[in-house]
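Dear colleague,

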Amino acid sequence: MRSELERMRDVLRHRGPDAAGLWIADDHSIALGHRRLSVIDLSGGAQPMAAQGGRIQLVYNGEIYNFRELRAQLEQHGRTFATCSDTEVLLAAWQVWGPACVERLNGIYAFAIADLDAGLLFAARDPFGVKPLCYGWWDDRLYIASEAGAIIEDARVPRAVDPVALDVFLHEGCVPAPFAIWRGMRKLPAGCTIRFPMAPHWTGLPEPERWTRPPFPAEAPHDLDEPALLDALDDVLRGAVRRQMVSDVPLGAFLSGGIDSSLVVSYLAEAAAEPVRTWSVSFDGDPNDEAPWAHAVAQRYGTVHERIVMDRMRLQDLADLAPSWDEPFADPAALPLAALSVAARREVTVALSGDGGDETHAGYPRYTRLRSQQWIDRVPLAWRAPASRALSRLRPSFKRRGALEQLGRAAADRFDAMTWEIPPAHRRALYSEEMLTALRAAGEPVTGGMRAWRRDVFDALPLDTDMLDRLQHFELATLLPERLMTKVDRASMRVGLECRVPLLDPEAVAFAGRIPPRLRARDGRPKYVLRQLLARRMGADFVARRKQGFTVPVRRWLQEEPDARLLDGLLPSGIERWLDPARVRRVIVEHPRGRDLAWPLLAFAHWVRAFRPTA
């Protein structure tokens, strides 16, 4: 038994290269394993960590940034501490506050606590899903881990692909919680806890409990004038960065030159005792290269800056990364982020990034576009649909016709069409008959329109809620944790680098939620307040440019690939059970948009090669 558990645990060696631990209950009813990345209290904090004579055991991935404040509170409750680690503080917080301890944590985390006296295994994931957690139930056994790879290492767990999860992946570009690519497995959604009763016997999978929700819209919006609002935001972000600087190992930052990372680096450099190390990545020949802006920030704040230039993508790069993503993952930005992480890990163990600024401060153009269309949602769909079709026939431009047709759809479906990877009609054209039969049997026909699981989140707020609040609430609950944070976590942790996200500090997000929508996207300009704040620090010229974003030239990369080599990457790869090879070949080579559809298919094909599903 021990050797099996150690083998499963050590699948996660990349997440914790510094130490390993294993605890097995006396009656062998439960075991907890841990791989440690040492960041705080390098000599203490070993896990699993025990309390009450071993009756409580904790394994945990992440950091609790406010652990010193919590420690002081817990000492007032009579707790004493043998280490300086945040792990011991989390364990004591459970003893004093129980499941409600999560409401006091400021950090990034996924943890599991076995409380033998309470007969309970309790697990939790942080509010914005920075750290992952998956679980499943097979043959009367419960499995729970940071990554699915540790679970499927057990030969008793079937390596069967869930066809619904695969269809969701090809729609989303990721496999979002609660879905998991393996049949029978689930992922814990962000901001949720789950309780597994242990006595008298394990009883299967309970439903997660949500303990927090995105703070959009806020109950009490700020009523400050603009200068006072900027002063207050300045204080909040400075505090968030300083909190996330807690570390007993070297720390640096990713610096793209955009608004978000530039702000994070500016606060970090001001607070650091020594020059900060920063890294950026550029693409050869990219007209939107933000390297000059990153250089300007590095010069202004005296960072030791390294620029990495990626001249082109090789299909082998995608193949090499596939095992690290645990599940199929199709965000092309994962490649440059992985390169950044490798470079940073040579010098530091912790890196701060500017991720989360677009979702919290309304940075995406689609936000302002949908907000400008909010008036149309007051018109019943039954009236809108025929009118939009009639108007679209009068427009000579295909693009304009498509935009007019979209107005005849519900807001959720318009948003869905802006974010999907492969449209429903194209997926139907690619699937094998076996895959289509499996989806029909699961009650999941491949049709247009946002799926029910996403629509429930999108429609959680009343229709008269400002569209900006609805969209940001939705993205913080779905796309941010499941796509953006998955990318950040896997790219960094594959090399044992902890990536922190100050703009997703709970206090910073709560403050952003209180900024009135008219200021979050003023006059149609995204991230207005953050832009003004950075203008104070870097000058108005620095923020006058249009939003460029971090654009990976994946279309150019794929266009440069010869048909034969591209198809070699797709076929044969074992995908034939789900995707019809003849249809894939026809679409990729003959369809005008075939190359645009290739990336998620390549991601799936390389994942299949890496993990070899059996069904």
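How do the residues of the lining of the largest cavity divide into nonpolar, polar and charged? They comprise 11 nonpolar, 2 polar and 7 charged residues, where Ala, Val, Leu, Ile, Met, Phe, Trp, Tyr, Cys and Pro count as nonpolar, Asp, Glu, Lys and Arg as charged, and the others, Gly among them, as polar.

Please bear in mind that this is a predicted model, in which local features need pLDDT of at least 70 and side-chain atom pairs count only at pLDDT 80 or more, whereas totals for chains, interfaces and linings use all residues. Residues are numbered from 1 along each chain as its sequence is written, and side-chain values use heavy atoms, with hydrogens and water left out.

Of its 20 lining residues, Lys-187, Glu-327, Glu-482, Thr-486 and Arg-490 are the closest to its centre, and helix α20 (residues 479-493; helices are DSSP runs, H or I, of at least four residues) supplies the largest share of the lining, 6 residues.

The pLDDT (the predictor's confidence in each residue, from 0 to 100) averages 90 over the chain, with 93% of the residues scoring at least 70. Over residues 396-402, however, the pLDDT is below 50. Where pLDDT is low, the predicted coordinates should not be read in detail.

With best wishes

Methods: 1 Å grid on protein atoms, 1.4 Å probe; cavity = no way out; pocket = protein on both sides within 12 Å on 5 of 7 lines; lining within 4 Å. Helix = DSSP H or I, 4+ residues; strand = E, 2+ residues; numbered from the N terminus. Contact = heavy atoms within 4.5 Å.
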